[in-house]
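Please look over the sequence and the structure shown here before reading the notes that come after them.

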Amino acid sequence: MNSNPIDVLVIGSGPAGMAAAIQAKESGSKRVLLVERAEELGGLLSQCIHNGFGLIYFNEDMTGPEYGQRFVEKVMDSKIEVLLETMVLRLAADRKVTLCNKYGIKTLAPESIVLAMGCRERTRESIVIPGYRPAGIFTAGTAQRWVNIEGYLPGREIVILGSGDVGMIMARRLTLEGAEVKAVVEILPYIGGLIRNEVQCLYDFNIPVLVEHTVVNIHGIQRVNGVTVARVDQNRNPVPETEKFIECDTLLLSVGLIPENELSYMAGVILNPVTGGPMVNERMETNVPGIFAAGNCVHVNDLVDYVSVEGEKAGQNAAEHASGKASPKMGIKLEAGENVRYVIPQTITGQREVAIRLRVKEPEKDVILKVGEFMTKRLKVVKPSEMLHLVLSERHLKGIKKGTAQLVVSCRKED
Amino acid sequence: MTDQPILEAEVVIIGGGVTGTALARELSRYQLETVLLEKGGELCAGQTKGSLGNIYTGLNLVGSMILKSVLLPLGTPLTELYHPHTLHTKWCEEGFKEWESVLNELDIKHRYVPLTIIAKDENQIKNLEKIRDLGRQLGGMYADFEQIDREEILSREPNVNPEVMTALFASKHVIDIFPPEVAIALAENAVENGCKVLLNTEVVGISQSGPHQIVQTSRGSIKTNFILNAACGWGDKICDMAGEGRNWGLQYRKTVMIILDTRCKGLVNGMVRWPNVPGRLDLVQRREDNILIECGTYDPTDRPDDTYTIREDVIKSMEMAKTIVPTISEKDIINTFTGVRVFNTRDVEDHIVEFHPSNKKFLNVIIRLPGIIGALPMARHVAETLKKAGCRLAKKDDFRPFRRAIPRFRDLSDEMRNRMIGDDPQYGHVVCRCETVTEGQIVEAIRRGGSTEEGIRMRTRAGMGRCKGGFCGPRVVKILARELNIPVTEVKKRSLDSQLLLCKSKELLLRDEKGSA
């Protein structure tokens, strides 16, 4: 390593991190360091061997590894420094980063940092499914790693709790592997993931779906030998006498993703309780100067393409910060209003064009999406599983009254 | 059974919990062959694993005495709960002092945590005063506490329920430990001194062969002179194998425990509890860098392995925990588990350490809770008992009392870490993000006998954090397969029938093609 200071250090080499590092380099940063805890670049893309990636970013239908490879090659070509099998042990508010790998412990002080740690899966423990603690309970993503990277099957007869995208994709994957997926069980009245996965992974493979159901019991002390499912009422509580035993040797969980922010927390980055990720402004900068964030560690995105775009934005602004450019003042807060779960970014300047992303709380038809009083958009269908995108152009922003401190973003049903 | 014994020993210990491992270490001071048998794939697979842990004395012991009235009629006067002459009380009092040095000898991670018994209403204050008065009456370490007011409570434990009015406070009555580490440390030191430990070895029968006894196990038979039954919850079944059955009346009581994320570690500084009432335990405690909650009743169950977690218990427990620390949140739960406590109804207050009525070389060592505190005096008592029964106990000259823990990378300074990585680069490869556990630690745990996913977890903490092995799980399994030189599909979660991965990918498809499903 050379002795010049690092301009931009990116933590995590998934789609957000790679895009951030590439963009930081392209924006003129001399030294960009990309740090990855795993054995190779790409984050979870390497294990997502299904297609559907890149439709927006590259206008091509690609697999996860193909999508990732485009970025890996750019990282390699653009003289970005890469450290693999390297864990960030500490991150401080003054941007001191302590790294650990087989060469030792090192503390660096980069000008800018991009947090791109992605997300982790909600576990059986965190949702308190009753029962014993046998072998045979896997999160869907861990099962995906076992099948696609390591080449082992977690089981032969499988029940999947939760209909997140990874769960549905694993339902298809395991069916193709010769395992029997006996049911996908979803507590909500609708499927949790993307419509295309619902069709292509579940319906096309005749996988039984039980909505408004949950797993109320896991059987087996040493290895799973079955689960009991039951219908739930409107409050998501199991309805007595609707229990049904399903024999299986494996339970997969696809019950939600949690942005990974232990490092952000250490550095004093303020997290949004709804997204679980840092509060960011339109530059993807957190409350800690010089610390930026992008991708699933900010909020769990629906498509990887948007993660890459967010990464680029963070990378570019991290480079600008590293070159000493002062941050513009973020004067206006974006508040989540009626039927809006969250809005990213949480603050904007109101001076220049900005793209915002949001998710709704409940599915709804024929709605009006409103930003403050100056922008409205009619939408046929909204679903919590699919992010909504809006661009506030300079023309729109001119409609903001002087002195406005916050804008409410709402998604109301049309009268 | 006519098969040749695979081993011969002077003493066989059945059960690898804290009782069995404390016995193993004690006997390893003497020149005799000792073999410890554990049916699980790792030590402390039963009651010890699911215990609240802690090594405690004084006020908390008073609390525990009240707790034990779980099986007594309500309204039993508190003073009647103190039985100075029971082995239980004697060993607890002796044991606490002894652990203070043995924890260091065995390099077991431990820390004194302050105990605060809080009260917020008249009824609780009445219960609190009972504990206070009993403590004072007993004197000595029992009386080594102070009563503090609301202001002081909140300065010591700022996050507790602001409605508290008074509390009893003792700074040196509770030592926070991780129970499996205690059993594993005792066993490692015993092995270092010549004891043999066999995992995955279930006792299936006991027979006589001349002057000897034959212990038949799932892995072959072992010829021995003496047998120590430390099988705790399974102790009655083991005892019945050695001779005619007797009515043990073992009772099993289960409680749920909850672990919160390390992010919450500042919620309490030590153990904070409501005053004990018979049959209930309500406490929130700092356990290493997590928060441990045990709030609930001791519910009867008919099996010692009934570690089934009931959702309603978790919900109720959380509600109660919030009355102690209002900011506790379900969002921070990273684990829930159920422990089973074993009582004998013949003498609820006490342990049973006595020879089988018809077999004078078979000693039952059935310990009631708390098992860890009194384990060291218990083991000495058993050695004495064996001696009296004719077992030749000659002290070894070269007994080594010290054990080094697997390096706790997370707790080391960067300077120390760098030194370790310099010596062995595997210590620079962090495998478990949540708990900062390195490959070097995992390899060392395997070298010391860890052979299952759960074993590695208990020995190193890998997979014990918030993601529950989401990232490190596959990596730990692969390291196990590599170091043990076994196929990945042979790696177990804990016992032999807890296979993790059922087959290689494509295997099901190939089987289908051959037409043999």
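Predicted model: local features only at pLDDT ≥ 70, side-chain atom pairs only at ≥ 80, totals over all residues.

Residues are numbered from 1 along each chain as its sequence is written, and chains are lettered from A and ligands numbered from 1 in the order in which they are written.

**Chain A overall**

- Chain A contains 8 helices and 29 strands, where helices (H or I, at least four residues) and strands (E, at least two) are DSSP runs numbered from the N terminus.
- With a radius of gyration of 22 Å, close to the 22 Å that the globule rule gives for 415 residues, chain A is as compact as a globular protein of that length; the radius is taken over C-alpha atoms, and the rule is 2.2 Å times the number of residues to the power 0.38.
- Along the principal axes, the C-alpha atoms of chain A fill a box of roughly 65 × 60 × 40 Å.

**A sheet in chain A**

- An open, antiparallel sheet of 3 strands has the order β23-β25-β28 in chain A, two strands being paired if DSSP finds at least two bridges between them.
- Its edge strands, each pairing on one side only, are β23 (340–344) and β28 (388–392) of chain A.
- Strand β25 (residues 354–360) of chain A pairs with β28(A) over 5 bridges in the antiparallel sense, and A:A355 stands opposite A:V391 in β28(A).

**Contact between chains A and B**

- Chain B contributes 45 residues and chain A 44 residues to the contact, which is defined by C-beta atoms, placed from the backbone, that lie within 7 Å.
- Among the elements of chain B that each supply at least two residues to the side touching chain A are α8 (311–324), β16 (333–344) and β21 (503–504).
- Strand β12 (residues 152–153) of chain A runs antiparallel to β21(B) and is joined to it by 2 bridges, with B:C503 as the bridge partner of A:L153.

**A helix pair in chain B**

- The axes of helix α1 (residues 18–27) and helix α6 (residues 179–192) of chain B come within 8 Å and cross at roughly 25°; axes are lines fitted to C-alpha atoms, for helices over the stretch in contact, and angles run from 0 to 180 degrees between N-to-C directions.
- That crossing makes α1(B) roughly parallel to α6(B), a term for angles under 35 degrees.
- Residues of α1(B) in this contact include B:V18 and B:R25, and those of α6(B) include B:L186 and B:A190.

Technical notes: Parallel < 35°, antiparallel > 145°, perpendicular 65-115°, else oblique. Contact = placed C-beta atoms within 7 Å.
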